[in-house]
Amino acid sequence: MSGAGTDSTKPWPTGGPVVILVEPQLGENIGSAVRAMGNFGLSRLRIVNPREGWPNPKAVTFASGADIILDNAEIFPDLRAALADLNFVAAATARERGMQKSVMGADAVAVEAVARIGAGENVGLVFGRERTGLYTEEVSLADVILTLPVNPGFASLNLGMAVAVVAYEWFKLASGGALPFQQPDRYPIADKADLLAFFDHVEHELEDALFFRSPQKKPVTIRNIRNIFHRVGLTRQDIATLHGMVTALVEGRRLREARTAARLEGRNDPETGETGD
């Protein structure tokens, strides 16, 4: 299954931190976490003692096409086994645990992970159970505590959301913050001849519409109008659209004036042909 904006021809990122889910309760939450991993370039998943067993059809559904992560997921009986080959581990928790252990935000953990992975180390990000989170004993196995600046009155995040926030910080740093696309330059910037022709057009019609009521203020008003359009950086397509807008306004005004005159004189409407009686 492919979602909007997905390009299956692009290579799948590899080599990021390992995401470790400890005793996840629902396949839906595993799938949501996997989807977030896929969004932000994480591909290595370890699951510790999943409550509903493995594989889990609901995880496949909620992963929304990130099947490569699920297909390569590793299952472990306990957290110690899942951490055995890792060099640096961050344990996610929303509660203070009374430990002499560094507490880091997702952005700081991302910086640490990029540096350590670049040095050839293996990094893990550990997330706990949906209802109770990680046990204190499990947090003690990590090098640092990972937490987020959440509302203390409602600090519990859905498992998929928590993984998404941390994965986003990792991928933003690892990718240099590069956005997947930019607005294409479809139309060239208007040259001065185009712009001056438009000024002539709009100023002529404003003159006919009696916009310049004060001859003394007219030069200043014209400069102000021109400066407005100079600041925009108009393209040739923009200029063409503006010409069309001004023409439509003028023609519309003339048509309204003709209709009014027709009604007053009892003649047929110039557009509909109906009588003005």
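This is a predicted model: local features need pLDDT of at least 70, side-chain atom pairs count only at pLDDT 80 or more; totals for chains, interfaces and linings use all residues.

Numbering runs from 1 along each chain as its sequence is written, and side-chain values use heavy atoms, with hydrogens and water left out.

**Stop 1: H5 and H7**

Select helix H5 (106-118) and helix H7 (159-174). Helices (H or I, at least four residues) and strands (E, at least two) are DSSP runs, numbered from the N terminus. The axes of H5 and H7 lie 8 Å apart, at an angle of about 50°. Axes here are lines fitted to C-alpha atoms, for helices over the stretch in contact, with angles running from 0 to 180 degrees between N-to-C directions. H5 and H7 are therefore oblique to each other; angles under 35 degrees count as roughly parallel, over 145 as roughly antiparallel, 65 to 115 as roughly perpendicular, and the rest as oblique. The crossing of H5 past H7 is right-handed (near helix turned clockwise from the far one by less than a right angle; anticlockwise is left-handed).

Now show side chains. On H5 the contact (heavy atoms within 4.5 Å) uses Ala 106, Asp 107, Ala 110, Val 111, Ala 113, Val 114 and Ile 117, and on H7 it uses Val 165, Val 166, Glu 169, Trp 170, Leu 173 and Ala 174. By class that is eleven nonpolar, no polar and two charged residues (Ala, Val, Leu, Ile, Met, Phe, Trp, Tyr, Cys and Pro are nonpolar, Asp, Glu, Lys and Arg charged, and the others, Gly among them, polar).

Stay on Ile 117 for a moment. Beyond its neighbours within four places in sequence, Ile 117 touches Gly 15, Gly 16, Pro 17, Val 123 and Trp 170. Ile 117 and Pro 17 are 100 residues apart in sequence, yet 7.8 Å apart C-alpha to C-alpha.

**Stop 2: the cavity**

Which residues line the largest cavity? Pick Pro 17, Val 109, Ala 110, Ala 113, Leu 125, Val 166 and Trp 170. A cavity is a set of points, on a 1 Å grid over the protein atoms alone, where a 1.4 Å probe fits but cannot get out; a pocket is an open set with protein on both sides within 12 Å along at least five of seven lines, and lining residues have an atom within 4 Å of a point. The largest cavity has a volume of about 30 Å³. H5 supplies the largest share of its lining, three residues, and the lining is seven nonpolar, no polar and no charged.

**Stop 3: the second largest pocket**

Next, select Ala 92, Thr 93, Ala 94, Ser 156 and Leu 157, the closest to the pocket's centre of the 24 residues lining it. The space there is about 420 Å³, and H7 gives the most to the lining, with three residues.

**Stop 4: H8 and H10**

Jump to H8 (residues 192-208) and H10 (residues 236-265), whose axes come within 10 Å and cross at roughly 15°. That makes H8 roughly parallel to H10. H8 passes H10 in a left-handed crossing. Among the contact residues are Phe 198 and His 201 of H8 and His 243 and Val 246 of H10.

**Stop 5**

Most residues other than glycine have a negative phi, and most peptide bonds are trans. Glu 23, in the loop between strand E1 (18-22) and helix H1 (27-39), has a positive phi of about 45°. Finally, zoom to Trp 54 and Pro 55, joined by a cis peptide bond with omega about 5°. Pro 55 sits in the loop between strand E2 (44-48) and helix H2 (57-63).

Technical notes. Grid points are joined across faces, edges and corners, and a volume is the space filled by probe spheres set on the points.
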